[in-house]
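Keep the sequence beside the 3D view as you read.

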Amino acid sequence: MITHPVTTYAMTQHSSPSNLRYPAWQREYEASLHEPDPKKLLERVHAVEAAIFNRLQDLAQTSESTDHKAEEQTIAEALRTLRVLKRDKLQFPDWETE
């Protein structure tokens with residue numbers, strides 16, 4: 001089984017609402033990273049995944065001339081961290097095993 005440690009930066013980075021670059025989904029993401037209760041954590045993970053999905057839909061509908069690469073990369077990193085969080089703290093199966 002391949003294990004991927006949760007990114008230390010993502011787990012320890014504390015952001016205030018005023019300094020979030022992408023508040024449409026980052027508030028939910030930050031809350032999920034710091035939730036100690038497994039039942040609430042599952043709810044928070046679902047909320048951030050929905051927020052990210054909605055944001056990706058918004059990005060897909062915006063002008064093609066607008067560059068969203070930085071936010072898309074940040075979303076990809078957040079989704080990787082959420083996958084590890086779900087595996088390690090919520091006992092989800094690791095779908096990346098070989």
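Helix 3 and helix 4 pack with their axes 11 Å apart, at an angle of about 160°. That angle makes helix 3 roughly antiparallel to helix 4, since angles over 145 degrees count as such. The crossing of the two, helix 3 and helix 4, is left-handed. Helix 3 brings Pro 38, Leu 41, Leu 42, Val 45, Val 48, Glu 49, Ile 52, Arg 55, Leu 56 and Leu 59 to this contact. Helix 4 answers with Glu 71, Glu 72, Ile 75, Ala 78, Leu 79, Leu 82, Leu 85, Lys 86, Lys 89 and Leu 90. By class, the residues of the contact between helix 3 and helix 4 are 14 nonpolar and 6 charged, with no polar ones.

This is a predicted model. Its protein chain has 4 helices and 0 strands. Along the sequence the pattern is α-α-α-α. Of the 98 residues in the protein chain, 30% are buried. Take the contacts between residues at least 6 apart in sequence: 60% of them join residues at least 24 apart.

Now bring in helix 2, residues 23-33. What is its direction relative to helix 4, parallel or antiparallel? Helix 2 and helix 4 pack at an angle of about 25°, and their axes are 11 Å apart. Angles under 35 degrees count as roughly parallel, and helix 2 and helix 4 are therefore roughly parallel to each other. Helix 2 passes helix 4 in a left-handed crossing. On the helix 2 side, the contact is made by Trp 25, Gln 26, Tyr 29, Ser 32 and Leu 33. On the helix 4 side, the residues are Glu 71, Thr 74, Ile 75, Ala 78, Thr 81, Leu 82 and Leu 85. The contact of helix 2 with helix 4 has 7 nonpolar, 4 polar and 1 charged residues.

The remaining pair in this set is helix 2 with helix 3. Their axes, those of helix 2 and helix 3, come within 8 Å and cross at roughly 160°. Helix 2 and helix 3 are therefore roughly antiparallel to each other. The crossing of helix 2 and helix 3 is left-handed. From helix 2, the residues Ala 24, Trp 25, Glu 28, Tyr 29, Ala 31 and Ser 32 take part. They meet Leu 41, Arg 44, Val 45, Ala 47, Val 48, Ala 51, Ile 52 and Arg 55 in helix 3. The contact of helix 2 with helix 3 divides into 10 nonpolar, 1 polar and 3 charged residues.

Turn to helix 3 on its own. Which of its residues are buried? In helix 3 they are Leu 41, Val 45, Val 48, Ala 51, Ile 52 and Leu 59. An α-helix has 3.6 residues a turn, so residues three or four places apart point the same way. What covers the buried residues of helix 3 includes helix 2 and helix 4. The length of helix 3 can be checked too. At 1.5 Å a residue, its 24 residues should span 34 Å; the end C-alpha atoms of helix 3 are 35 Å apart, which agrees.

His 68 has 16% relative accessibility, so it counts as buried. Leaving aside neighbours within four places in sequence, His 68 is in contact with Leu 59 and Thr 62.

Helix 4 comes next. At 1.5 Å a residue, the 22 residues of helix 4 should span 32 Å; its end C-alpha atoms are 30 Å apart, which agrees. The buried residues of helix 4 are Glu 71, Ile 75, Ala 78, Thr 81, Leu 82, Arg 83, Val 84, Leu 85, Lys 86, Arg 87 and Leu 90.

Is Lys 86 buried or exposed? Lys 86 has a relative accessible area of 16%, so it is buried. Not counting residues up to four places away in sequence, Lys 86 touches Val 45, Glu 49, Gln 91 and Phe 92.

Last, look at Gln 91, in the segment after helix 4. Just after helix 4, Gln 91 takes a positive phi of about 60°. That positive value falls in a residue other than glycine. Gln 91 has 62% relative accessibility, so it counts as exposed.

Methods
Residues numbered from 1 in each chain as written. Predicted model: local features only at pLDDT ≥ 70, side-chain atom pairs only at ≥ 80, totals over all residues. Heavy atoms only, no water. Buried < 20%, exposed > 50% of the residue type's maximum accessible area, 1.4 Å probe, protein only. Contact = heavy atoms within 4.5 Å. Axes fitted to C-alpha atoms, helices over the stretch in contact; angles between N-to-C directions. Parallel < 35°, antiparallel > 145°, perpendicular 65-115°, else oblique. Left-handed = near helix turned anticlockwise from the far one by under 90°. Nonpolar A, V, L, I, M, F, W, Y, C, P; charged D, E, K, R; others polar. Expected span 1.5 Å × (residues − 1).
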